[in-house]
Amino acid sequence: MSALHNRPARQPLRPARRLALSAVAVLATLLGACGKPQSEDPEARARLIEPIARVVLKVQKVAAGNRSGEQIYQGTCAGCHASGALNAPKAGDTAAWAPRIAQGFDTLTKNAISGIRQMPPRGGGADLTDTEVRRAVAHLANSGGAKFEEPPIAK
Ligand code: HEC
C-alpha cells in the first residue's frame, strides 16, 4: 500500500493550480478597481481582464485532458508499474506485457479504465479522461514491446 501513498499523483498540476489561483486573485483585484466611477464602462472592464481570463482558460485547458502518456505514466501509473507493486506488469518487461498486448489496445484500455483485479479504475487517477488513459496505456504497453499509437493531444 505504501506505493499508493508515495506516488506523486497530482504533483504536475500544482504549479498550474497555483497560477490559476493567483490569476483569480489578480482578476478579483482588477474587478475591485473597476468599482471606481471612472471605470464603470463594461467594455473597458472586459479589456482590462481579458489577458488574465485568457491565462486562466489556458491553464484549465492543460489540466483537463491534455496530459501526455508519459506525464500520466510518471504521475499516476509508475507508482505500481515501475516497481511491479501488487504484481503489476513492469514497464519495459516484454515477457510480462506480451500476453497482455495480445488482448489488443481496446481491451487493455477498457481494463485500465474500469480497473482489473488489484489495479484500481484509471490507476487511481480519477481525474484522467478516457483519452488520457488511452495515452498512458499506449505509453506503458509500448515500453513493453507494443506499437500502439498514442492518441494525439489537441492543440
Ligand atoms: C495501484 C497500483 C497500480 C497503478 C497505480 C496502476 N496500475 Fe495498472 N495494473 C496494476 C496491476 C496489479 C495490474 C495487473 C492486474 C491483473 O491482471 O491482475 C495492472 C495491469 C495493467 C494493465 C494490463 C491490463 C490487462 O488487461 O492485462 C494495463 C494496460 C495497465 N495496468 C495500465 C495502467 C495505467 C495506464 C496506469 C496509470 C493511469 C496504471 N495501470 C496504474 C496496478 C496498478
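These legends accompany several close-up views of one predicted model. The model is predicted, and local features are described where pLDDT is at least 70, side-chain atom pairs count only at pLDDT 80 or more, and totals for chains, interfaces and linings use all residues. Residues are numbered from 1 along each chain as its sequence is written.

**View 1. The helices of the protein.** The protein has seven helices and zero strands, where helices (H or I, at least four residues) and strands (E, at least two) are DSSP runs numbered from the N terminus. Buried residues make up 22% of the 155 residues in the protein; a residue is buried if 20 or more other C-beta atoms lie within 10 Å of its own, exposed if 12 or fewer, and partly exposed in between, with C-beta atoms placed from the backbone. Among the contacts with a separation of 6 or more, 67% are between residues 24 or more positions apart, and two residues are in contact if their C-beta atoms, placed from the backbone, lie within 7 Å.

**View 2. The shell around the ligand.** Of the 31 residues around the ligand, Cys77, Cys80, Ala88, Met119 and Gly123 come nearest, a residue being near a molecule or strand if its C-beta atom, placed from the backbone, lies within 6 Å of it. Helix H4 (69-81), helix H6 (105-114) and helix H7 (130-143) each supply at least two residues of this shell, and the largest share, six residues, comes from H4. By residue type the shell divides into 17 nonpolar, 11 polar and three charged, where Ala, Val, Leu, Ile, Met, Phe, Trp, Tyr, Cys and Pro count as nonpolar, Asp, Glu, Lys and Arg as charged, and the others, Gly among them, as polar.

**View 3. The crossing of H4 and H7.** The axes of H4 and H7 come within 9 Å and cross at roughly 70°, which makes H4 roughly perpendicular to H7. Axes are lines fitted to C-alpha atoms, for helices over the stretch in contact, and angles run from 0 to 180 degrees between N-to-C directions; angles under 35 degrees count as roughly parallel, over 145 as roughly antiparallel, 65 to 115 as roughly perpendicular and the rest as oblique. In this contact Gly69, Glu70, Ile72, Tyr73, Cys77 and His81 in H4 meet Glu132, Arg135, Ala136, Ala138, His139 and Leu140 in H7. The residues of the contact of H4 with H7 divide into six nonpolar, three polar and three charged.

View 4. Leaving aside neighbours within four places in sequence, arginine 122 is in contact with Ala112, Ile113, Leu128 and Val133. Leucine 128 lies in the loop between H6 and H7 and counts as buried, with 23 C-beta neighbours inside 10 Å. The C-alpha atoms of leucine 128 and glycine 65 are separated by 6.8 Å, although these residues are 63 residues apart along the chain.

**View 5. Two exposed residues with positive phi.** Asparagine 87, found in the loop between H4 and helix H5 (94-101), has a positive phi of about 65° although it is not a glycine. Asparagine 87 is exposed, with 11 other C-beta atoms within 10 Å. Arginine 117, in the loop between H6 and H7, has a positive phi near 45° and counts as exposed because it has 8 C-beta neighbours inside 10 Å.
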